[in-house]
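Q: Could you take me through this structure? I am new to reading such models.

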Amino acid sequence: MSNKKWLVLILALVMLISTACGNKNVEEPASVDIPTDAGQESEAPQKVDGGIFIFGIGSDPNVMNPLYAGDRVTMTINNAIFAPLYVIDEEGTQFFLAESITPSEDYLTYTLKLKSGLKWHDGEDLTAADVIFTLNSITDEKQKANSRGSFVVAGKPVEAKKIDDLTVEFILPEVSVPFMGSLGGIRPIPQHIFEGEEDLAKSTKNLEPIGSGPFKFKEMKSGEKVELVRFDEYFDGKPNLESLVFRVIADANASNTALLNGELSAKYITTAEVDKFNEDENFNVVLFKEGMLNNMVFRLTNKDLQNEDVRKAIAYGINREEIITGVYKSSEYAEEAYSVFVPNTQFHTSDVEKYEYNVEKAKELLENAGVENLKLRLAYINSSKENEGFGLIMQQQLKEIGVELELLPMERGAFYDKLLDASNTDFDLAFNGYVMGVEPNGYKPLFRTADFNNFMGYANEKLDAAWEEGVVETDETKRAEIYQTIQKQLMDDMVVYPIAYPNSIVAVNKKYGGIEEAKLVPISMFRDLSKLYIME
Amino acid sequence: MIIKRMIQAIPMMIAISIVSFLLIKLAPGDPVQAYITPEMGPTEIESIRESMGLNSPIHIQYIRWLKSALKGDLGYSLVNHRPVAMQIIERLPATLGLMGASLVISMILGIIIGLVSASNQNKLFDNIATFTSYLGISIPSFWFAMMLVYVLSLKLKLLPSIGMRTIGVHTTWDLIKHSIMPTIVLSLQNTATVTRYIRSSTISQLREDYVIVEYASGASKREVLYKYVLKNAILPVITILGMSLPGLVSGAFITESIFGWPGMGQLGIKSIFSYDYPLIMAITMFSSFILIIGNLLSDILYGIADPRIKELR
């Protein structure tokens, strides 16, 4: 009979464990964030002071120092800790630490005025000296800052001169219109913390960063979370939320569950998940422009593709609309793309050759080019569902015009290794995506003859000259003309086929407000976290 | 003998390190990819590569790595610039805790279920246990984990789905609640394996002559089972103990990333995706070290439990 006793014991144990879990949960909910019952529905939720907002991040941040942030996670955290000088977007200039920025008449000197009474998180004053220290660190070759290229004009670094405690003058060796945008993006680091550090990237000071943004660093638990608390002396007023927590969740499924379970406050979701979250009364689903272009590039190493008519034929043979509905459900989630510039880039125009779907024209162009039975290899990253969708649909479409596509999904690292090497002939077409920002000059490296980033192998001397003109042209109308001509020419030459400008979709727990004021932006999700609040 | 085995482990560790180093270097992509921005030209990218020490020939890079590793310096992460050793030390407790709990649970459960199964051979309990252990061995752990999360977190709201602690809560109970699911997932396969071993070794013991002798001299079934059979049947568990360590290490990689458990596994996966080779090397070496220690441990324990084995060597 002893075996029966065993069974009873095991059963009892199981019951004990399950009741223990059950009972405890009545007293203490599994998570502090599980939305409260619908019992209080009669009262409209009120904005309250305090509360936590929890972001999900895929991994620990890298170096918590704006000079080195290159990945989404670190940039998102930096955005809370370090305030920028100002931000130029499609709506104009939004000032943060800076009060004004004024170029001189010859556009060789820019005068930056800081707001008064700015403070670092440790209570020290933020002054012109910090801005100068930051710029000098960026231009210092030894420090290997990410954005050094933006502050070196015509081979010489931009100089910064202190006028008074709140004013800095930047002196450029040569006119560079994009400079103003790059300058705004600087997120100053404190001189009194970093002065004398030999290697800023390896400095232990980065482990407990001191910034000037709405939230200050509290603690980091590797692999678990980064916790920030509000900075009462933030120049734009005390933030509403008490703290921000960035929780590390590597797995996409797990982070979805965590969001549904109330363990996260907001998260990017895919079009496949939209319906689920729209139906859930605990969430707001918000769309915003990611500023990204998904496209297909032509490799000019392929003999057939060197013929412009062949490239155009392929462009006419693709039905963009069908791709958008096939991959993104509807144009609500991705706009049809016509230019290589995204809509929020300055001087963007859709007034270019659009290559509307036209099988007859495509066939005719191929016939004129004397190309028959064209076989092309199309490469993309194997983990991208989006790219896979593009590939399968295009494969079908191009069959109509007698072009056979061989799909080559590749591992991410291998794909970029091969894509960035314009002489590699492993494939003829590739899917790529980019975010280049508001400043049109940002696109230059992609199209300049023999540029390292020009992986089409495209060469057009006329356009090279136009790109250089765009950098020094200070007259807005003339500048617009230059970049519009560039966009038209690029479409006429058809080396990049623009597919879609996808929108980002974010599901936010309904108890959070201030989403509009905080403004959803690419990469860091919210631009100004001090504006978010909680409603109870 | 132990010392001899320890010395034998050294060339094995070196061989493992050479192979891992080569494999990392042969894989497409490199850590510089994380730093490339469109403003950069090839010269800037080269200078980053140079400063990371990625431009020397592979064997030089390996020797450089080996030299500092032997001095106990595992270098700096190429991605977050923090000392590798520090990152591993931070993550170690979480992983060891999870592995330890799973090991204990799977041993206890496996032995109990295995014994009960064997002494009730082909009865209901045995059939259920056998079926369940087959299931346990063949179910993919990530699927099992997703199911647990779906039922226990999303539907029943009993347990938190991710992490080790609720934000702002610092109780032991909170820690236990967070560890229940990862521990169950990590123990599943091991429990099933232990159950199967114990069951079959108990059954074969029950057929031995000494059992018949004991029965004949009037011992009860219970006495025979716990006094004599258990001691002999449990021997293979010691081998399984050593053998299950590598499985636990690799299982921890999967379990930790699904449950956002802040351990070595999660760190390892991140380092692989970012080509952070000093970190990959350190974690690989650490896992191999556990593997070798596990084997060594099971040999030693086996020798203690069954002195005949020692004599044979």
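The conversation below turns to a sheet, an interface and a single residue.

Q: What should I know before we start?
A: This is a predicted model, in which local features need pLDDT of at least 70 and side-chain atom pairs count only at pLDDT 80 or more, while totals for chains, interfaces and linings use all residues. Residues are numbered from 1 along each chain as its sequence is written, chains are lettered from A and ligands numbered from 1 in the order in which they are written, and side-chain values use heavy atoms, leaving out hydrogens and water.

Q: In what order do the four strands of the open sheet in chain A come?

A: The order is S5-S6-S10-S9, with antiparallel pairing. Strands are DSSP runs of E with at least two residues, helices are runs of H or I with at least four, and both are numbered from the N terminus. Two strands pair if DSSP finds at least two bridges between them.

Q: Which strands stand at the edges?
A: Strand S5 (98-103) and strand S9 (159-164) of chain A do; each has a single partner strand, so one side of each is left without a neighbour in the sheet.

Q: How many bridges join S6 and S10 of chain A?
A: Strand S6 (residues 109-114) and strand S10 (residues 167-171) of chain A pair over five bridges. A:Thr109, for instance, has A:Ile171 in S10(A) as its bridge partner.

Q: Which helix lies across S6, S9 and S10 of chain A?
A: Helix H3 (residues 128-139) of chain A does, running at about 175 degrees to S9(A). Axes are lines fitted to C-alpha atoms, for helices over the stretch in contact (heavy atoms within 4.5 Å). Angles run from 0 to 180 degrees between N-to-C directions.

Q: On to the interface: how much area do chain A and chain B bury between them?
A: They bury about 5,000 Å², 61% of it on carbon and sulfur atoms. Buried area is the accessible area (1.4 Å probe) that two parts lose on being put together, summed over both. In contact are 60 residues of chain A and 55 residues of chain B.

Q: How many salt bridges are there between chain A and chain B?
A: The count is two, where a salt bridge is a side-chain nitrogen of Lys or Arg within 4 Å of a carboxyl oxygen of Asp or Glu. B:Arg165 and A:Glu224 meet in a salt bridge at 3.3 Å, N to O.

Q: Last topic: is B:Gln266 buried or exposed?
A: B:Gln266, in helix H11 (residues 264-273) of chain B, is buried because its relative accessible area is 6%, and buried means under 20%, exposed over 50% and partly exposed in between (1.4 Å probe, protein chains only). Not counting residues up to four places away in sequence, B:Gln266 touches residues including A:Gly223, A:Val248 and B:Trp261.
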